[in-house]
Amino acid sequence: IPSPRMAAAAATVILHNRQRSSEQQDRASRLQVLEHQALQREYDNAPLLLISIDIQTALLKDCLGSRALQIQLIAGGELKLETKIAGGSSGRLASIYRSCKAMLRRTASDPGLAPAVEPGSTATWASPPSSAGGILHHGVRIDFRSATQFVYEGQQEMFFDLVEKRSLRPNKVLARSCLSLAAIKAALGTALTRNQNPVLHDLNLLSVKSEELLGQLQVVVRCQPTTVGEAGNLGVLPERLSVMRANAA
């Protein structure tokens, strides 16, 4: 039978070992938290490329002026943006009326000054593109004025579809234009990882049936560096990366 002194000494040793074990566990837990925070910071600081797209104005053939139209942006097989529906509501008579007003303003004003152009009116493209498919000098101007931004995930091309919105029948893709990453690089002239000023692209809208030129579309593109954390805060982080970030948190 151990003496009271030996029992007390044994209890002291046991208590000391427990305290040391608890301190070791606390230290290991703190180290684990610090390592996790370091990994989280490293992941949040991982570089990404943010692409901003601003779909502005289209110059279309007169025959399209009375239709309800929309531009859809598709990249990597995903729908990135649907613009507001424009045209259609004005109709042919309203378009002719605005064209007459523009003609009267031209006659009454200084011939050297270009008249103001209203959406849906007959207009001349300020700087028509010289790419394949020809040039549309006159037509109906439609302002879509819609923008979006998304993270670059290796998409090599972006497609801009001119869609006719129909109430009783399925929507119809009338024309399409493609903007490649190579064209964006060529316009920027430098690496895509650098912060860039916006670049205006004039795109030809070619008929999906006959490749006839139906109009031109002005699109402003900007590429700027970002990080996983910033993209997450902006709400533009792709779902795949969002899941990985959530798992890392």
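Biologist: In which helix is the place of Y43?

Modeller: Y43 belongs to helix α1, residues 4-44; helices (H or I, at least four residues) and strands (E, at least two) are DSSP runs, numbered from the N terminus. The model is predicted, local features need pLDDT of at least 70, side-chain atom pairs count only at pLDDT 80 or more, and totals for chains, interfaces and linings use all residues. Residues are numbered from 1 along each chain as its sequence is written, and side-chain values use heavy atoms, with hydrogens and water left out.

Biologist: Why does Y43 count as buried?

Modeller: Buried means under 20% relative accessible area, exposed over 50%, and partly exposed in between (1.4 Å probe, protein chains only). Y43 has a relative accessibility of 18%, and therefore counts as buried. Its C-alpha atom is separated by 7.8 Å from that of G229, 186 residues apart along the chain.

Biologist: What makes a set of residues a nonpolar core?

Modeller: The set must consist of buried Ala, Val, Leu, Ile, Met, Phe, Trp, Tyr and Cys residues joined through side-chain atoms within 4.5 Å. The largest such core has 31 residues, and those with the most contacts inside it are I53, I55, F144, M158, F160, L162 and L217. At least two of its residues come from each of β1 (47-60), β2 (69-75), β5 (138-151), β6, β7, β8 (199-207) and β9 (213-227). Strand β1 gives the most, with six residues. Another core, of eight residues, lies apart from it and includes Y43, L50, A231 and V236.

Biologist: How many cavities of 30 Å³ or more are there, by the rule used?

Modeller: The count is one. On a 1 Å grid over the protein atoms alone, a cavity is a set of points where a 1.4 Å probe fits but cannot get out, and lining residues have an atom within 4 Å of a point. Grid points are joined across faces, edges and corners, and a volume is the space filled by probe spheres set on the points. The largest cavity holds about 50 Å³ of space. Its lining includes I51, F150, Y152 and M158. Two or more lining residues come from each of β6 (157-164), β7 (172-180) and α3 (181-188).

Biologist: Is K165 buried, exposed or partly exposed, and why?

Modeller: K165 has 24% relative accessibility, so it counts as partly exposed. The residue lies in the loop between β6 and β7. Leaving aside neighbours within four places in sequence, K165 is in contact (heavy atoms within 4.5 Å) with A68, Q70, I85 and N171. From K165 to A68 the C-alpha distance is 5.5 Å, although the two are 97 residues apart in sequence.

Biologist: Where does E211 lie, and why is E211 called exposed?

Modeller: E211 is in the loop between β8 and β9. Because its relative accessibility is 60%, E211 counts as exposed. Its phi is also positive, about 65°, although E211 is not a glycine.

How values were computed
1 Å grid on protein atoms, 1.4 Å probe; cavity = no way out; pocket = protein on both sides within 12 Å on 5 of 7 lines; lining within 4 Å.
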